[in-house]
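Welcome! Please take a moment with the sequence and the 3D view below, and then let us walk through the fold together.

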Amino acid sequence: MKTPSSTPMSTRSAAVCALGAALLAACASQPMVKNAELPEAVRAPAGHTQTMFTVGSGEITYECREKKDAAGAFEWAFVAPVATLTDAKGTVVGKYHAGPTWESNDGSKVTGKQVAVSPAAAGNIPLQLVKANPASGAGVMQGVSFIQRLNTVGGVAPALPCGAEQKGDRKVVAYKADYVFYKPAM
């Protein structure tokens, strides 16, 4: 009878190697961001490495409201986003919603605070850099330090009338963006 150590590769070792190969393949297929080519304001700080790339497809809700410091003037104000997050292959891996909050299917999630923005092409919401708060739940969001919003498409406030007659009206606008997650380099 052969013991696990005397077999060329035990079943457990084979499973570990298969999992490792799958993770390497997933990492290899993940688009890598070239920070040096991004606007300086939204670059991930030195000492942080990209760990995950997702594509967010969803909607942003705007509401016609009176401007905060201009009585009688109105504007379309941001209310909240909601998006589905997919990996580079199109597999759903989580969701994005108000907070801002990025939530993985594994139950881990992270919130954050905007650090900087940089204009995108006309008609698209700005690029963004967010500093992450400590994550909750065990999973891929543990240790995330920064998140970038890049390659934005759509999502800007509607180009519709917004005045006293429209006060309280809500409009939903489609958008798409890449979300890139960073952790401190080891």
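A few ground rules come first. The model is predicted, so local features need pLDDT of at least 70 and side-chain atom pairs count only at pLDDT 80 or more, while totals for chains, interfaces and linings use all residues. Residues are numbered from 1 along each chain as its sequence is written, and side-chain values use heavy atoms, with hydrogens and water left out.

Let us start with the overall picture. Eight strands close into a barrel in the order 1-2-3-4-5-6-7-8, with antiparallel pairing. On average, neighbouring strands of this sheet are turned by 30° against each other, direction ignored. Such an angle is taken between axes, which are lines fitted to C-alpha atoms (for helices over the stretch in contact), and angles run from 0 to 180 degrees between N-to-C directions. Strands here are DSSP runs of E with at least two residues, numbered from the N terminus; two of them pair if DSSP finds at least two bridges between them.

Now look at strand 1, residues 48-66. Strand 1 runs antiparallel to strand 8 (residues 170-184), and 15 bridges join them.

Leaving aside residues up to four places away in sequence, glutamate 59 touches Ala80, Pro81, Val82, Val172, Val173, Ala174 and Tyr175, a contact being heavy atoms within 4.5 Å. From glutamate 59 to threonine 84 there are 25 residues in sequence and 9.5 Å in space, C-alpha to C-alpha.

Finally, turn to strand 7, residues 146-154, which runs antiparallel to strand 8 and is joined to it by seven bridges. Two pairs to find here are valine 153 with lysine 176 and isoleucine 147 with phenylalanine 181. Strand 6 (residues 127-132) also runs antiparallel to strand 7, with four bridges between them, and lysine 131 stands opposite phenylalanine 146. Why is strand 7 largely enclosed by the rest of the structure? Seven of its nine residues are buried.

How values were computed
Buried < 20%, exposed > 50% of the residue type's maximum accessible area, 1.4 Å probe, protein only.
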